[in-house]
Amino acid sequence: MNLSLNEIEATAKRATRGAGYSWGQAEEAGKATRWLCAQGLDGAGILARLLALGFATDPANHRPQQLDGRWRAEGDLCPLSVGPLLSDTARLLDAGAIEMQPVVAPALLLPFVSNAARIQKCALQIEFDSVQAVTDGARLYSPDDFPDKAQRVTIKKGAKLDMPREHQSRAHPTPTDWDALNQFAHHTYAPATEESRLLGAGAGLSDND
Amino acid sequence: MEKQAQTQIERRNPATVMRLSRLGSFHQCRLSFMRQLTRRMAREDWSFSRPVFDIDDAGVGTAVYTAQGPERAYSLVAFAHDLPPEKRSDRVIADAWDATFALFDGIPTEADIERLSKNVPLQEAGRVSETELSLSRANRSVRLWNHVVDSLASGQQPDLSQIHQVGYLMRTTAVYGSGKFGAADREKVADRPETQAPFQVEMLSVYLTRTFVRDLVQHMAAVKGGDQAAKLDPDVARWLGIGNSTGLGMAPFIVNHPVLFNNWVMVREEALARVRSVETASTAEINKFQELFQRSQLSISWWRSEHPIQVKKLADLNADLRAISEYLTTDRLANPHPWDRLIRWSETALTEEGQEYLASLVLEPYEDLVDGLASCMADSRSEAFVIDGTMSIRNVRALIQETHGWALGLDWTAPENCARAWYVSEEKLEPRMGERFEEPIENYEQPLAPARDACAAYSALSDWEGAQTVAEFLLRHPEHRHTIRRAQVARTAPYGEIRDNTISDKVLPIDMLRAKLSFFGATHFDPRSDRWVRICMYAGAPYPEELTSENADLWVYPQATA
């Protein structure tokens, strides 16, 4: 498939909302998925696999209980909770590394680390178990593939960004992942009724004039 | 004397400007996107050509119009269709149109045209690619189309009064840009000088569409009338604009793009503040204003609507025009700060229609104070989206108070205050608005009631210590994340938030549509219901072969012909 990044963002946002996340998280999931695709990573597939886990039905179980020390939850951490939190608390990196465990779909943290890098005005290093990535906000150094789950994630300052990935202007999700996102997005659409068809858009007048 | 952009007069308060009834009274001005485009094309001496016009006797076929700028070319690829009347609908749920278009980035090859011919006529059901910048379609005004074809075919010129009453031969029913249906993202063109300002791609597409429609009607008249067909008089053709028929999709747009919408409104307010700060007006400036005041009244005299709301607003505007005439016979703009005096007077003497008409018109004599602001109308600050988690609860509460203080006392459970809900229908994803308490739509509600959501967040925040941080709050309350973001955006985008209830039983979505369309440069707003509006674009504008620096800007103000 060959999609614009705007299509990716719009569908990712709707899909995330359709999967039960808040509108604010859905907005950020849309931008995050777009950012990953712009880096040539499989943003749509990563998001689709996360949404399939159904974490939004039990959000308190998948977000940190406290900000002191290592971030952890009763269940696996959701990147759509810890990612925004990481962006919101970027200043904590002044005091040292942020650590969390375990995180599913950890690649979705990268766009939020990029927000933190912009706020900190420096490159940040992120370690998923044995995999490493570096971002300075706009650019990313990383491998092509990421684990579905990282037992331990560490984000810290003091990185140097070499060999950034080439930016992409289009996204190429697999049809399966794209369908999965659209099925989640479909939950946000109201079933058509004859009444809404006639009244909801305010037409009903002839356009043959 | 060189003018300085000194503003002793402040911008108008967002609490005044951003009320729905005022937004629904906005008029075009010299910052409008259509006028920015025509000024640029004339200044840069763009050239235009029609490399393809392959339309058969039934009016079916393909045409290409190319606009060549200093560095790049853009081409409208147009497909003309033979549409049965029962298929003619302006709504999103339509699946066939009189004509369909794509704006191609560059000059298309035959293979490009072949590819587009298989997709563009399908609109939403087709796919375009990164070489296309917009996708659009148009339907005929049946009565004016028939009148013009029949007149020309019988060797006559069409009746000008009928042209003025309708304003256009075709109206676009959607112009999709920015990556929709596979087209190029905005980022592809955002750094080009000619497309840096908002909606320049879409405005160019519509400008070229107007030329295509003129050529198509001439072609059909020639088919029908043969040798006796008349050639459409350029002085008649100029009054043919392009219509646009717009439903609810535009209303979510201005709510969902608060920084962008802020930039449009704030730039116009800054322009107004600059002009109001002018100490004395020169004779030339006064004469320019007087001339355009006269010319604009001719355009307003052609403005027709049958909708009761607009009928009343037009009566108000016409009464306001008479009051302005009287004011100008006594004041003559010779006193210090003449424009500020005029605006202050308008706030006491005119309806919002008249006040906003004047707020746009006084900008006209001041190209040097106003036009440079156009470069500030795009949204290039993606960082505004990122929440500042270090902000204290105390401060974010103050921000909500600042923007939504008017709403904090409303009972948001009262049916009249939340009677409506905005949703997206699964039927071609048409944006709609319905009755919350009468239809099964609440579960599908879109976040288009920022004031209600702000009040909910404000209430939740009251349980927290003032010194705690937004980050801690949002960790526990992700449901308020979009609202906290908007509250923080408003620090630098004070005109980004509508200061009114967008889900009340009295909300008129057409107010939101008009606000957006006024920045395009639209005229003759004609609501078809409380949530649907038709407008006219480019009526009076020079066609590509006529475009010069002399006529590129003020075409929106018609000159009476002798």
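Analyst: Thr7(B) counts as partly exposed because 17 C-beta neighbours lie inside 10 Å of it; a residue is called buried with 20 or more other C-beta atoms within 10 Å of its own, exposed with 12 or fewer, and partly exposed in between, the C-beta atoms being placed from the backbone. The model is a predicted one, in which local features need pLDDT of at least 70 and side-chain atom pairs count only at pLDDT 80 or more, while totals for chains, interfaces and linings use all residues. Residues are numbered from 1 along each chain as its sequence is written, and chains are lettered from A, with ligands numbered from 1, in the order in which they are written.

Thr7(B) sits in the segment before helix H1 (14-17) of chain B, where helices (H or I, at least four residues) and strands (E, at least two) are DSSP runs numbered from the N terminus. Although 267 residues separate Thr7(B) from Arg274(B) in sequence, their C-alpha atoms are 5.1 Å apart in space. Leaving aside residues up to four places away in sequence, Thr7(B) touches Ala273(B), Arg274(B) and Ser277(B); a contact here means that two C-beta atoms, placed from the backbone, lie within 7 Å.

Moving along chain B, we come to a pair of helices. Helix H3 (residues 33-43) and helix H7 (residues 200-225) of chain B have axes that come within 9 Å and cross at roughly 75 degrees, so H3(B) and H7(B) are roughly perpendicular to each other. On the H3(B) side the contact is made by Phe33(B), Met34(B) and Leu37(B), and on the H7(B) side by Gln200(B), Met203(B), Leu204(B) and Tyr207(B). By class, this contact of H3(B) with H7(B) has six nonpolar residues, one polar and no charged. Here the axes are lines fitted to C-alpha atoms, for helices over the stretch in contact, and angles run from 0 to 180 degrees between N-to-C directions. Angles under 35 degrees count as roughly parallel, over 145 as roughly antiparallel, 65 to 115 as roughly perpendicular, and the rest as oblique. As for the classes, Ala, Val, Leu, Ile, Met, Phe, Trp, Tyr, Cys and Pro are nonpolar, Asp, Glu, Lys and Arg are charged, and the others, Gly among them, are polar.

The partner of chain B is chain A, and their contact takes 54 residues from chain B and 42 residues from chain A. Helix H18 (470-476) of chain B is among the elements that give two or more residues to the chain B side, and H18(B) makes the largest share of that side, four residues. That side of chain B divides into 21 nonpolar, 13 polar and 20 charged residues. Two bridges also join strand S10 (residues 189-190) of chain A to S8(B), and these strands run parallel; Tyr189(A) stands opposite Val424(B) in S8(B).

Finally, chain A has seven helices and ten strands, and 53% of its 209 residues are buried. Five strands of chain A form an open sheet with antiparallel pairing in the order S2-S8-S4-S5-S6, where two strands pair if DSSP finds at least two bridges between them. Strand S4 (residues 124-128) and strand S8 (residues 153-157) of chain A pair over five bridges in the antiparallel sense, and Gln125(A) has Lys156(A) as its bridge partner in S8(A). Helix H5 (residues 110-120) of chain A lies across S4, S5, S6 and S8 of chain A, at about 155 degrees to S4(A). Helix H2 (residues 23-38) of chain A packs against H5(A) at an angle of about 95 degrees, with axes 8 Å apart, which makes H2(A) roughly perpendicular to H5(A).
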